[in-house]
Every structure is written in C-alpha cells, then in structure tokens.
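Hi everyone, thanks for coming. I'd like to walk you through one structure today, going from the whole chain down to a few local details. Let me put it up on the screen.

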Amino acid sequence: MKRLFDIDQWHIISNKLEKEDKRLQESLTSIGNGYMGMRGFFEEGYSGDTHLGTYIAGVWYPDKTRVGWWKNGYPQYFGKVINATNFLAIDISINGKPLDLAVDTIEDFSLDLNMKNGVLTRSFTLIREDAKVRFSFERFLSIVQQELALISLNIEVLSDNVNIDIASKLVGDVCNEDSNYDEHFWESVSYGVEPLYLQTKTTHNPFEVPRFTVLTAMKNEWSTSFATEYDATDFSAHEIWRGMLHTGNTLKLIKYVSVVTSRDVAEENQLDVSQAILEKASRKGYNVLKQEHEQAWKKRWEKADVQIFGDDEAQQGIRFNIFQLFSTYYGEDSRLNIGPKGFTGEKYGGATYWDTEAYIMPMYLSVADERVTEELLVYRYNQLDGAYHNAAQQGLQGALYPMVTFTGIECHNEWEITFEEIHRNGAIAWAIYNYTNYTGNTQYLLNKGIDVLVGISRFWADRVHYSKRHEQYMIHGVTGPNEYENNVNNNYHTNNIAKWTLSYTLETINQLTQDKYNALALTKEEMNKWQDIVNRMYLPYDETLGIYIQHDTFLDKDLTPVSELKPEDRPLNQKWSWDKILRSPYIKQADVLQSIYFFNDTYTFEEKERHFNFYEPLTVHESSLSPCVHAILAAELGKENKAVELYARTARLDLDNYNHDTEDGLHITSMSGSWLSIVQGFAGMRVYKNMLSFHPFVPKNWQGYCFNINFRQRLLHISVDKEYITVKRVKGDALSICIKNEIVRLEDTIRILL
C-alpha cells in the first residue's frame, strides 16, 4: 500500500511534490468530462519522469497486431486510444531560466483535486537566488460545454524584480508510450494563428477503419498588456508573453481551449466551430464558465453521492471512485463506452471490455437517469454485426461479442484471453436481463435486446459439443473469469452462463410478436436444440464438498490457501512466471462466485456459504474487479469484517495503490465496486420478482451511511445507522418494498429497527 494524498472527504490533496512517484500522483489527479480527459501532468516543462497523456473519447488507432506466431483468427490490429495534442502546455522562464520543478527549489507546494466541482489546482513558491515567485494553476474540463477546457495561471512576484517569458502552447508532436514500433499516429492537416490552432489527422492505416481529424484551438487572455508573439507550424502553435514584473506585481493568464473532432464536425468546418466555441466562452468569461461547471457537478452529486459517517478514509474512497466514473462517462453519446483506464492512461488500449456490463451498469442503473444505462445497451446492439463477424472468424455461428473493442470488431491479440474468455458473451446477455429486471421496462428487451440474445444463443449452441460418453453438453478450451488459468475444460461459470442465456432467450421469445419472431428467422428445431442444451449442460460438481468446481481438474491442484504465500511472492503477476501462475491454485478474481453474484437468487444461503468458504481463501484479488463481488457476498453471509476489508480494498484500490500499478492509470471500470459493496453489500439491496429489497448492516467503525437510488421512475433516499434503516420516497409514486424479509408500503418515509 502506498498513500500519497491526505484523507479528506471531498479533496485529493497533498503538500508534497512526489518526484519518485510522479506518475502515480499524475494518475490520481486525472480529470475528464466524458468527451476528453488527461492525466495530472504539469502545465510547465518537467525534466523528470512524467507521462503526458491527453485523450479524446472515441478517437483511436488500429495499431498493427504484432505477434511472432500468427494463427488463423487473430485480429489484424490492436485498437488503442492515442495520445492527442497537449493543450495544457505553458512554458515559463524566470530571468532566462526555464521553470522546472524537477530541479528547482520550491516551498509551499500544494496539489488539490476538488471532487465536488471537478477542478484541479496546484500552487508553489519558486525560490531562485533573491527572487521569490508564487505560481498558482487551475484547470477544469467543462461538463457543460464538453469541447471546452480551461486553464488559469496566476503569477505573483513576492520579492525582487523578475523577467518572465511565458509561452502558451499547443503541442501536437505527441506519441503513445505503448506503440509497438514507436510510431507517431498523427499527421498535420493545417495550422494557424487566428485563432491559434492545430489540425491533425490520424495517419493512414491499412484497415477499414476511419481516420480521425482533430482540431485544437486556443485563445489566451492576459491581465497585463504587453506585446505578444504568435507562431504556428505543423505540430506547434504558441503565443509568447515577455515582460518584467516588480515585487508585488501579478500576472494572470486565462487559456481557453476548444477540441473538436471529425466524429461530430466535418474536417472543413472544424475551424469555424472551434472559433464559435472560443468566442462564446471568452464572452462568458472564466468565472461564469466555472460556476456553470460547478452547478452541473452539484446536480450529479445530488443524485449519486454516498455519505459515510465516522470513516473519512472510506468516504474519500467512494467519492473518488464516483467522481472518476462520471468524469469518464455520463451517457451523452451512445457511440462511447467505458475503458478500464478511462482518460488516465494507455494500458488496455482505452477500449471497451465486459467490465461495463458486469460492474458499471448495476451502479449506473441506480445513480443516473435510466437512459444512461440504455445507451450502454444500445452501444452493444449497434455492434451486433461486429459480433457476428467475430464468431465467423472462429468458424462459429451466431454472435461473439469482443473482449476488447471500439467498433464491435475484436481488436485484442492474446489468444487465451480474446478467444477463450468467452464468458463475456454471457455478461452482455445478463446486462439486458439486469436492466429489464431493475427498471421493469421491457421495450429494449423485446425490440432490440432479443436480437442480441438470439445472436449470443446461436453462438453458444455452436460452441458447445455433445459428449456421448457423459450424454451431456460441454465447453472445452476456455478461460474463465479467473485469468490465472487458461485453456481449461468446462469452466463452471462459462457453462452456467451459457445455459442461463439460452434459457432466458427462450423465455423472452415467448413474449415476442409474430412479426418479430419471423424477423429473427427462428425455427422450432433451433429452439428445441437450445432447450436440449439447457436440460443437459454439464456443470462440474463435487458431491463431497457440496460445491460447483471451477473446472474439471481444479481439485487436482495443490490447494494451499493464499495465507500460506510469502509476502515477497505478492503480487503474483509481478513476481511469478506465467507458467507457475497457471499451475497454481490461486484465483485472480471471482469465478464460480461470479455466477453466484449474477444469479444470486438461484442459490441457497448454505450453498453460497460453502462456495465462499472454499474459493475466497484461494483468491489473491489481483484483479481490480475482484474485491467488490467478494465484499457483496461476504456481507450477505454475515461475514461483516471480511466485507469491510474487501470494501476498503475496492474503495481505495487506486488511492492506496493496492495492486502496485496505478501509475499506469486508474482502474476506472472497477470503481463502481465501492458503490456496489455499500449498496448491494452493506445495505443488501436486491431486486427479485419486481420487488426492491434491503437487508442492511453498519460496519463496526462506521456510525452510518446514506445514499439515493433511482428505481422505476422514483427517487428514494436510504439511510442506515446503528439502530434503524430509514427509506424516504423523494419523488415518484408510492410502492411496496421488502426490508429484512418484511414487505412494507412506502408512502412517504419508513423507519425500521435493525
């Protein structure tokens, strides 16, 4: 564990410049607005280790797949988010020497990410010979006008007179740290000085992937009038201010930046659109734009905030995660999804994984408008053709949703993950069920969702094989959610979710109109085959232990618990060879327990307890997706200490750098886990048979907690303390709910003793 920032309920704040952990500090102070985002790197030059990363949603590049041994079915390219024009850059020189915090002497350093309003500030005092100069930076990416970024710089001379040179810049000569061949992915299209702008375009690619054009423009406002110089070239545009400031003088720079892309604006119209955005912004002024931005964040927090009483560490953790999730995605664009690193780094290529359906959607259903979750479902529906393409690449029928994608086409090249971790297909189906079950809205299911379900079912029906010896259907050669085992036979979760998907699809077909049934080209023969697979799917089970087995040979391993590992062996993925990991019994994340989480109401309490007691001690939780599932199940089973321990791990995974990899970027798609751990775990929220239910407890070191949820056109406020659970209907019609196994009618407010 490594903690760089102070504990504060609403701020990520530090008074220390972390030169040895600069990248970690940058990750933790990342900001975004759903349209673009950036790591918390400095505006001015920094000669030490740093990762300058600015990313634009939906702008990516198909980097050629690089493998030594090509296999049929490999994707042609690896899709990756690409580093875009650095519009933060402000080069500063004091008395002819560049400002560089890697070598300069400073005091009173402060770095503060305000999660309440999405504003990042930094300040320090430069000590150089007899001069003392105070610098204050502030930046935010507007969630009101998403194409707009704003940067403020204030310079105050505390002693001595100083000559200052400031170059406010756009830097387009950028590259990715993860390029296979150290390529640069941009070429220049145009540039100019009225306004200062760079227009760049992704380089040619040999695939049928559109190229993206991005125009980045800026307008600078200086508080002190001096002559400035303008210049622009292919990959650089700047405005330079030069002058002398005397003791007590201040200089303020406001930098307005607009970013538009060919996803929304044609290349030939981008300059006009950017100019209009900048002119409108400068007329309003920095303070008004900041106020609008703050008000928009206030509205988001009113719906989604979780308050924890008595534990500031836990409070900071949950708010940090909600803030970063909403900075990455808030449902404004159905062409977008949520990458595991969001706008905070290049690892995982910035693409979409199954994390969204399994972990993000259950939270967004409750904390945002219903349309936000439906947009995520529409994203997959719109990519159904790509899923059919992916299956055909493997010689299979039906639809195989990708492990990693921007367009619906698979763009990841690890065979054991991409082509064996097919349980993600079931997660897409489960998300449709989860949305329908939670909202009660069947419109998506019956008009679009069923197309997805049928495509996935056709895949499962072709991917299984029939074992004559056992007279059962099996699925061989897969990787389950536990990626520390590859190419196993009959992974329980994979077989189980395939069986469930076929069953749910058949159930939904019975609700279709005849026209929709005909449009799907369904036949009785096909559906009979699906039902036969449901009836005779093999699910590995051990009678002695009374548990489902992770896969056929799992019990043949040396089943030593994690507690017997040496501390120096952890984390395994950084200390052990892959061969040793694959042969070990250790589980990266919930696998069998993933099924129990998804289909919770189909297992008895005793079954859940047996499975948890067997599998959790073997789990190293080295996936960011692991702690929340275990925390939720532990809470349900009355294992309160374990639930709280795992909540802390998911809530502060990045803030405390549990997995020693946050310098590469934040674990965005696991951040919903802290919300799920509280709401589904501690509060025990479930929706079964159209009824919302709660079965809460309060952690021993907490005084209580409260949160809001949207549920079927209603807004409810839930508060839990040591003695009572209180549920208030804030908006919408009255309804019946279940609290601690007792059905009650919620007209206004209900208070029940725990």
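Let's begin with the surface. The accessible surface of this protein comes to about 28500 Å², and carbon and sulfur atoms hold 45% of that; the areas are from the Shrake-Rupley method with a 1.4 Å probe, and for residues only the protein chains shown count as cover.

A word on the source: this is a predicted model, in which local features need pLDDT of at least 70, side-chain atom pairs count only at pLDDT 80 or more, and totals for chains, interfaces and linings use all residues. Residues are numbered from 1 along each chain as its sequence is written, and side-chain values use heavy atoms, with hydrogens and water left out.

Now the overall build. There are 20 helices and 32 strands, where helices (H or I, at least four residues) and strands (E, at least two) are DSSP runs numbered from the N terminus. The radius of gyration is 27 Å, close to the 27 Å that the globule rule gives for 754 residues, so the protein is as compact as a globular protein of that length. That radius is taken over C-alpha atoms, and the rule is 2.2 Å times the number of residues to the power 0.38. Along the principal axes, the C-alpha trace spans about 85 × 60 × 55 Å. Of the 754 residues, 63% count as buried, meaning under 20% relative accessible area, with exposed being over 50% and partly exposed in between (1.4 Å probe, protein chains only).

So which helix would I zoom in on? My pick is α18, residues 626-636: 10 of its 11 residues are buried, so the rest of the structure largely encloses it. Among those buried residues are Cys628, His630 and Leu633. And what covers them? The cover includes α5 (355-367), α16 (592-598), α17 (605-615), α19 (640-651), α20 (672-682) and β25 (686-688). Just after α18, Gly638 takes a positive phi of about 80°.

Two other residues have positive phi without being glycine. Gln713, near 65°, lies in the loop between β27 (704-710) and β28 (715-721), and is exposed at a relative accessible area of 62%. Asn741, near 70°, is in the loop between β30 (735-739) and β31 (742-746), and is also exposed, at 69%.

Last, the cis peptide bonds. One joins Glu194 and Pro195, with omega about -5°, and Pro195 is in the loop between β14 (186-193) and β15 (196-202). Another joins Arg570 and Pro571, with omega about -10°. Thanks, everyone!

How values were computed. Contact means heavy atoms within 4.5 Å.
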